[in-house]
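Me: I would like a close look at one part of this model, the charged side chains that pair up and what surrounds them. Could you take me through it in one go?

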Amino acid sequence: MLERKRGKLNIKKLGEIIKIARNKLNLTLSDLSRISDISEIELWLIENGKIKKPKCVFLFRLSNILNLDYDELLKYRFASFYRKKRLRNVKYNL
């Protein structure tokens, strides 16, 4: 259960990062939708953490438009995967 909760927190944080970057550039959801070719509803869902696994191609487009680090966005997108991998490595490094 804790793992599931952490995943939700990472996705919410990802959405917050995107929303803050969009607001800094004074872009509306409509503007960003037009520029990125991602629907407004999909952008809203990403920004509000409602999509558990946003498409990597969407994150790539958003990173380019909003001047964000794509690798950093992917860390939030795949946080649970990296956490599990790190735990496995720790377990075998006795």
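Reply: Happy to. Let's begin with Glu47 and Arg22, whose side chains form a salt bridge with N and O 2.6 Å apart. The term salt bridge stands here for a side-chain nitrogen of Lys or Arg within 4 Å of a carboxyl oxygen of Asp or Glu. Helices are DSSP runs (H or I, at least four residues), numbered from the N terminus.

Before going further, please keep in mind that this is a predicted model, in which local features need pLDDT of at least 70 and side-chain atom pairs pLDDT 80 or more, while totals for chains, interfaces and linings use all residues. Residues are numbered from 1 along each chain as its sequence is written, and side-chain values use heavy atoms, without hydrogens or water.

Both Glu47 and Arg22 are buried; buried means under 20% relative accessible area, exposed over 50%, and partly exposed in between, with a 1.4 Å probe and protein chains only. After helix 3 comes Gly49, with a positive phi near 70°.

How many salt bridges does a search of the whole structure find? There are three. In another of them, Arg34 meets Asp31, with their closest N and O atoms 2.8 Å apart. Both belong to helix 2 (residues 29-36), and being three residues apart they are separated by about one helical turn. An α-helix has 3.6 residues a turn, so residues three or four places apart point the same way. Arg34 is exposed at 60% relative accessible area, whereas Asp31 is partly exposed at 21%.

Glu72 and Lys75 also pair by their side chains, at 3.8 Å from N to O. They sit in helix 5 (residues 70-77), again three residues apart and thus separated by about one helical turn. Glu72 is partly exposed, with a relative accessible area of 35%, and Lys75 is partly exposed as well, at 49%.

How values were computed: Helix = DSSP H or I, 4+ residues; strand = E, 2+ residues; numbered from the N terminus.
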